[in-house]
Amino acid sequence: MTELHASTAMPAELDQPIALGVAQVRKTRQGVVAWGDHRVTVGGGAPVRVQAMTNTDTADAIGTAIQVKELALAGSELVRITVNNDEAAKAVPYIREQLDRMGVTVPLIGDFHYNGHRLLSDHPACAEALSKYRINPGNVGRGDKGDRQFGQMVELAAKYDKAIRIGVNWGSLDQDLLARLMDQNAQRARPWEARQVMYEALITSALESAAKAEEIGLNGNNIMLSCKVSNVQDLVAVYQALAQRCDHALHLGLTEAGMGTKGAVASAAALSVLLQQGIGDTIRVSLTPQPGESRTQEVLIALEILQALGLRAFVPSVTACPGCGRTTSTTFQELAKQIDDYLRGSMPQWRERYPGVENLKVAVMGCIVNGPGESKHADLGISLPGTGEAPSAPVYIDGEKAMTLRGDAIAHDFQQIVENYIEKRFGVEA
Ligand code: SF4
C-alpha cells in the first residue's frame with residue numbers, strides 16, 4: 001500500500017483525475033407495463049421508474065381511483081392496488097374506467113396473495129384491466145398445488161399479454177424451499193449462517209419462479225423480480241447477489257421501512273447504495289403514513305432519492321445552507337421555503353410549458369461565507385445578508401453577479417427574477 005506523507009507533493013502514482021461521480025449501469029432485459037398507448041418501460045436502459053401502492057379498500061372503486069390519481073399526479077409512474085377478494089376483483093375494471101375518464105393513464109398493478117389464480121380466472125375483466133400482476137411465490141400454495149396455482153396465474157398473464165413481478169418477501173418466504181436449503185446447508189462441511197441461507201432462499205425462490213414462468217411461455221422480458229427484506233444491510237447483500245445472477249429488471253424497495261424520518265432515511269440509505277451500483281429498475285418506498293399524512297409522501301421520497309443521486313430530475317432543486325450563528329434571522333429560511341414551494345407548486349403547469357425546467361438549480365444562501373460561491377454554481381443564486389452584514393443581497397445569474405437587491409421586497413423581487421429567467425431560458429420561444 002502506498003504510504004501517504006504530510007506533504008503537498010502528489011505521489012506520481014496518485015496523480016490521476018478523480019473519477020467522476022456517476023452511477024454504474026447494469027444491463028437488463030426491458031419490460032413494458034402498458035395501458036393502451038401508454039407504455040412504461042422498465043429496465044434495459046429506461047429511467048428508474050417510481051411506483052407506489054394504494055392503501056384504500058380496493059372494493060371502494062371511487063376512493064381507490066381518487067388515490068391512484070393522487071399518486072400518479074405526485075409522480076408515480078405505476079400504481080399497485082391490492083386484489084384480495086371477489087369484491088376487490090369486481091371493482092378493478094371500474095377503477096380503471098374511472099381513471100380513464102379522468103384522463104389518468106397510469107398502468108395498474110394487481111397485488112395477489114393466496115387466491116390470485118382464482119380471482120384472475122373468475123374475473124376476466126379484472127385480469128384485462130390490470131397491466132401487471134404481482135405474484136408472491138411464498139403465497140401461491142404449497143407443493144404441486146402451489147405449482148399449479150402459480151402456473152395458472154402465469155398462463156393468464158401470457159394470455160392477456162401482461163407483465164408480472166415475482167415478488168419474494170422474507171415475511172412470506174416459501175417454507176418448503178427454505179427447509180430444502182436448510183437441509184442442504186446442514187450437509188456442508190462448513191455450514192452457512194442462517195441469515196445467509198435466508199438470502200439464498202429469497203434469491204432461489206425468485207429465480208426458480210422466473211424460470212418456471214418462462215417455461216410456461218411468458219416473455220422473459222416481462223418478468224420483473226424483487227426480493228424484499230426490511231433490514232438495510234440484508235437488502236444490499238441480497239440485491240447485489242440477485243443482480244449478478246440474472247438479467248431481469250429488478251423492482252427495488254425496503255419492505256416495511258417504517259414511519260416518518262426513519263422510514264425515509266432507511267429507504268434512502270438502502271436504495272442509494274444499490275442504485276449507485278446500477279441495481280434497481282423501478283423503486284417503491286414502503287413508508288407507513290403518519291396519521292393524517294398523505295399517501296403521496298412515499299412518492300415524493302422516491303422522487304427525491306432519484307433526484308439526489310442525479311439519476312432523474314423531476315423538479316428544480318433549491319440549494320440552501322443550514323444557517324448558523326452568522327445569520328440569526330429567519331429571512332433566508334423563509335425565502336428558501338417560498339422559492340421551493342413556488343417551484344414545486346408550479347411544476348404541474350410548467351412541465352409542458354417549460355421543457356427542461358426540472359434541471360434548474362437555485363441557491364438561497366444565508367451569508368457571505370459560502371453564499372456567493374454556492375450561488376455562482378447554481379443557475380440562479382441569492383446570498384442574503386448575515387448578521388451585521390450590509391442589508392443587501394447580491395443575485396447571481398449563470399455564475400455572474402447580475403444585480404443587488406435591497407429593501408423589504410427582496411423575496412418578491414427574487415421570485416420575479418426566477419420567473420423571468422425560466423421564461424427566457426425554457427419558454428417555448430427560447
Ligand atoms: S452560508 Fe453563512 S449562514 Fe449559511 S451556514 Fe454558511 S456561514 Fe452559516
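Which residues lie nearest the centre of the second largest pocket? They are Pro137, Asp147, Asp174, Leu177 and Lys212, out of 20 residues in the lining of the second largest pocket. The model is a predicted one.

**Second largest pocket**
- The volume of the second largest pocket is about 330 Å³.
- Helix H5 (143–159), helix H6 (175–187) and helix H7 (194–216) are the elements that each contribute two or more residues to the lining of this second largest pocket.
- With five residues, H7 gives the most to that lining.
- Sorted by class, the lining of the second largest pocket holds five nonpolar, eight polar and seven charged residues.

**Largest pocket**
- The largest pocket has a volume of about 780 Å³.
- Its lining consists of 26 residues, and the closest to the centre are Ala72, Leu73, Ala74, Gly75 and Arg351.
- At least two lining residues come from each of strand S2 (38–42), helix H1 (61–74), helix H10 (297–308) and helix H11 (331–353).
- The classes represented in the lining of the largest pocket are 13 nonpolar, six polar and seven charged residues.

**Cavity**
- The count of cavities of 30 Å³ or more comes to one.
- The largest cavity has a volume of about 40 Å³.
- Residues lining the largest cavity include Phe112, His113, Tyr114, Ile135, Asn139, Gln149 and Met153.
- Helix H3 (116–122) and H5 are the elements that give two or more residues to the lining of the largest cavity.
- The lining of the largest cavity has five nonpolar and seven polar residues, with no charged residues.

**Eight-stranded sheet**
- Eight strands, in the order S8-S7-S6-S5-S4-S3-S11-S9, form an open sheet with parallel pairing.
- Strand S8 (223–228) and strand S9 (251–252) each have a single partner strand, so at these edges one side of each strand is left without a neighbour in the sheet.
- S9 and strand S11 (residues 282–283) run parallel and are joined by two bridges; Leu252 stands opposite Ile283 in S11.
- H5 packs on this sheet, where it touches strand S5 (108–112), strand S6 (132–135) and strand S7 (163–169), and the direction of H5 makes about 165° with that of S6.
- H10 lies across strand S3 (49–53) and S11, and runs at about 160° to S3.

**Five-stranded sheet**
- A further open sheet is formed by five strands in the order S13-S14-S15-S16-S17, and the pairing is mixed.
- Strand S13 (317–320) and strand S17 (400–406) stand at the edges with a single partner strand each, so one side of each has no neighbour in the sheet.
- From one strand to the next, the twist averages 20°.
- Six bridges pair strand S16 (residues 392–397) with S17 in the antiparallel sense, and Ser392 stands opposite Arg406 in S17.
- H11 lies across S13, strand S14 (361–365) and strand S15 (380–383), and its direction is at about 160° to S14.

**Ligand surroundings**
- Around the ligand are Cys321, Gly323, Cys324, Arg326, Thr327, Met365, Gly366, Cys367, Val369 and Asn370.
- This shell divides into five nonpolar residues, four polar residues and one charged residue.

Key:
Residues are numbered from 1 along each chain as its sequence is written. This is a predicted model: local features need pLDDT of at least 70, side-chain atom pairs count only at pLDDT 80 or more; totals for chains, interfaces and linings use all residues. Side-chain values use heavy atoms; hydrogens and water are left out. On a 1 Å grid over the protein atoms alone, a cavity is a set of points where a 1.4 Å probe fits but cannot get out, and a pocket is an open set with protein on both sides within 12 Å along at least five of seven lines; lining residues have an atom within 4 Å of a point. Grid points are joined across faces, edges and corners, and a volume is the space filled by probe spheres set on the points. Helices (H or I, at least four residues) and strands (E, at least two) are DSSP runs, numbered from the N terminus. Ala, Val, Leu, Ile, Met, Phe, Trp, Tyr, Cys and Pro count as nonpolar, Asp, Glu, Lys and Arg as charged, and the others, Gly among them, as polar. Two strands pair if DSSP finds at least two bridges between them. Axes are lines fitted to C-alpha atoms, for helices over the stretch in contact, and angles run from 0 to 180 degrees between N-to-C directions. Contact means heavy atoms within 4.5 Å. A residue is near a molecule or strand if one of its heavy atoms lies within 4 Å of it.
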